[in-house]
Number of protein chains: 2
Amino acid sequence: MPKINPYEVEGKIDYNKIVEEFGATLIDDNLLRKIKHLHPLLRRHYFFAHRDFDKVLHYHSQGNKFALVSGRGPSANMHLAHLLLYNFNKYIQDEFGAFVFVPFSDDEKFMFKQELDFETVQKFAYENALDMAAIGFDPKKTEFLFDLKHMNQDLYNLSVKCAKRITLSTVKSAFGFSEQNNIGSTFYPAMQAAHILYPTVKYGLPSLVTVGIDQDVFIKVTRDVAGAFKLPKPAALLSRFMKDLGGGTKMSASKAETTIYTTDSDAEIKAKIMRAFTGGRETVAEQRKLGANPDVCSVYEYLTLFFLNNDFEVENLRQECKTGKILCGECKERLVCHIQKFLTDHKKKREKAKQTLHLYTKTD
Amino acid sequence: MPKINPYEVEGKIDYNKIVEEFGATLIDDNLLRKIKHLHPLLRRHYFFAHRDFDKVLHYHSQGNKFALVSGRGPSANMHLAHLLLYNFNKYIQDEFGAFVFVPFSDDEKFMFKQELDFETVQKFAYENALDMAAIGFDPKKTEFLFDLKHMNQDLYNLSVKCAKRITLSTVKSAFGFSEQNNIGSTFYPAMQAAHILYPTVKYGLPSLVTVGIDQDVFIKVTRDVAGAFKLPKPAALLSRFMKDLGGGTKMSASKAETTIYTTDSDAEIKAKIMRAFTGGRETVAEQRKLGANPDVCSVYEYLTLFFLNNDFEVENLRQECKTGKILCGECKERLVCHIQKFLTDHKKKREKAKQTLHLYTKTD
């Protein structure tokens, strides 16, 4: 059985099964037809499931505003999968005029990870925020909030209200907490619920959350709380995971060797990609003859998720791979080139973001 | 077996046994001799136990400042036992020049009591604060903090730090929480610890807490946390309970019939005292012959704790009671007269406090 919850993702995942188990809904063509400019990550089902996204689209089509909530637990530097998510968030802002709220749960990371102190989580929060500011969100429609720096009465009080509605029994079964967890960790789901409902309570905007499927349980808990408060239940767009470079299920910031950080140098990028797990064969001759497997290949995944916006190009690459026309080394070089270029540009924007970051926080 | 914890006090209590069980220390004459002006509540062992109060006295004798922390959970109006405590706190401020910090845990009361909403706990917090301001603390050396109104980054972050050090298992055994408690209630001990350590972390003042013995477990938990942070462990003066008017162990603000609120009218005071439980006999004749029992008498308790500052007067009353020289009706009338006079004066000061309350909060 695969394990999948906010604190653990393990094993081979059948995404369709999970959606059914979690009680979310698969995103189908019918839903996608309602969107004017379809983002590749929607078209290619990286975001493959949702909760009430149809309602959000309807609400928006009536001329109403909504907020996108997409939080970040700053326990490490950002990697490519994070950038993918926040690039997508920028698209949601552009396409729907959404207000983007990014809560940084530095408090959570401090409480969950024995080895992290305030200084470290706050440093990561700052570094992560630079990556986000580099993406170019509209400062007038964007708010970053660092729990350990910007905790305010509205958010604290909202977390207290949420906490009253969530029992220990609920969080234990939902998140797998034990008696040895600290009382901050078990409280945190209330703060997360408050993060999600913050734009609704403070600005009157219903919330849409973009998040990995492993975090869906937070959405479920928050939807229950919102129901009790007679607030609109937060909607969600749920993504599958981005493979790590070792072929593992989910890129993780804590595994440096199989992760591309936004701050990696050209040399690091090259070294990591050249070592990456692919769907290739043992020998060139074999691969030419039998073809390779793009479905398990991390290099194919990154090329197609990030860099090939044209679906024909993707299909072309897929056929070349499966028929042995292209070798893994070629794909790797292509990917190295793309990532180096992309991150060189990103790093420049990231440097400039040091001057603009304050525009995204209300109280700095 | 008597039950005694922050959420339940039941049964006949052997205070000496409790002190031993809790690991606190009885206050003895040796300790009391070190205090210049001895308050009656110390001399008469209403405050009967302590933790490290000897260290506080020594620290003070070296010319150092300390803070007195004495919080209030505002779930009802204040009653006489509360006034007794805060009058004593005023004495500590006067005698030792202590900085007085009063955190109002309106968040706690909201989370613990299903029926209380924000408006109600905040109204009680305001009403309770008026009682305290009426006592006349020095505004320059006093700070009131309402969690739901003044939560600030320092306090929130301190609670997060404390939370990391306290496991679910600890609060379950210390406070008797179950799976059905909400995650706000189980988090609250971290906020309480933060309240206690706030003057130490923010102003560099070691903390002394004045509190009922039922709350001692909060002190114990906080002392452990302080130890882990290499901060001075908070000291405590621990009081026994003030009887309720029905002869019960502890006056409780939730039992209106056996409690004198600071806002009771003269008629209410009279009605409640005249119905009070005493140590008297069935008939006058019997009482004249056999005498009564002051040790179980709520009227005797209130007279001696509040109104008879002179120890000879107390001893005199005790003898008159035990030998049947005085009848319960006489004591009751005497007490009614004292309380009415005392509360008439208090209510005037309380009314004036509406103009001065803001002096006690840093951010209003």
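1. How far apart do the C-alpha centres of domain 1 of chain A and domain 2 of chain A lie? They lie 29 Å apart. Keep in mind that this is a predicted model. The domain assignment places domain 1 of chain A at 3–241. Domain 2 of chain A is placed at 256–351.

2. Next, the contact between these two domains. Domain 1 of chain A gives eleven residues to the contact, and domain 2 of chain A gives twelve residues. On the domain 1 side, two elements of chain A each supply two or more residues: helix 5 (80–96) and helix 7 (118–134). By class, that side of domain 1 has eight nonpolar, two polar and one charged.

3. Look now at helix 13 (residues 266–274) and helix 17 (residues 328–356) of chain A. Their axes are 9 Å apart, and the helices pack at an angle of about 150°. An angle over 145 degrees counts as roughly antiparallel. That makes helix 13 of chain A roughly antiparallel to helix 17 of chain A. The crossing of helix 13 and helix 17 of chain A is right-handed.

4. Which residues of chain A make this contact between helix 13 and helix 17? Helix 13 of chain A brings A:D266, A:I269, A:K270, A:I273 and A:M274. Helix 17 of chain A brings A:K332, A:L335, A:V336, A:I339, A:Q340 and A:L343. Sorted by class, the residues of this contact are seven nonpolar, one polar and three charged.

5. On to the sheet of chain A. Strands of a sheet pair through backbone hydrogen bonds, either parallel or antiparallel. In chain A, seven strands form an open sheet with mixed pairing, in the order 3-4-9-8-5-6-7. Strand 3 (25–26) and strand 7 (142–146) of chain A are the edge strands, and each pairs on one side only. Inside the order, strand 5 (residues 67–69) and strand 6 (residues 99–104) of chain A pair in the parallel sense over three bridges. One bridge can be traced by residue: A:L68 has A:V100 of strand 6 of chain A as its partner.

6. Strand 5 (residues 67–69) of chain B pairs with strand 8 (residues 207–212) of chain B. The sense is parallel, over three bridges. Here B:A67 has B:S207 of strand 8 as its bridge partner.

7. Helix 5 of chain B passes helix 7 of chain B in a right-handed crossing. From helix 5 of chain B come B:L83, B:Y86, B:N87 and B:K90; they meet B:D131, B:M132 and B:I135 in helix 7 of chain B. The classes of the residues in this contact are four nonpolar, one polar and two charged.

8. Now the two chains together. How many residues of chain B are in contact with chain A? The contact takes 28 residues of chain B and 28 residues of chain A. On the chain B side, five helices each supply at least two residues: helix 6 (106–112), helix 8 (147–150), helix 9 (153–164), helix 10 (168–175) and helix 11 (183–203). The side of chain B that touches chain A has 14 nonpolar, nine polar and five charged residues.

9. Helix 11 (residues 183–203) of chain A packs against helix 9 of chain B at an angle of about 130°, with their axes 7 Å apart. That makes helix 11 of chain A oblique to helix 9 of chain B.

Key: Residues are numbered from 1 along each chain as its sequence is written. Chains are lettered from A and ligands numbered from 1 in the order in which they are written. This is a predicted model: local features need pLDDT of at least 70, side-chain atom pairs count only at pLDDT 80 or more; totals for chains, interfaces and linings use all residues. Two residues are in contact if their C-beta atoms, placed from the backbone, lie within 7 Å. Helices (H or I, at least four residues) and strands (E, at least two) are DSSP runs, numbered from the N terminus. Ala, Val, Leu, Ile, Met, Phe, Trp, Tyr, Cys and Pro count as nonpolar, Asp, Glu, Lys and Arg as charged, and the others, Gly among them, as polar. A crossing is left-handed if the near helix is turned anticlockwise from the far one by less than a right angle, and right-handed if clockwise. Domain bounds come from an automatic or database domain assignment. Two strands pair if DSSP finds at least two bridges between them. Axes are lines fitted to C-alpha atoms, for helices over the stretch in contact, and angles run from 0 to 180 degrees between N-to-C directions. Angles under 35 degrees count as roughly parallel, over 145 as roughly antiparallel, 65 to 115 as roughly perpendicular and the rest as oblique.
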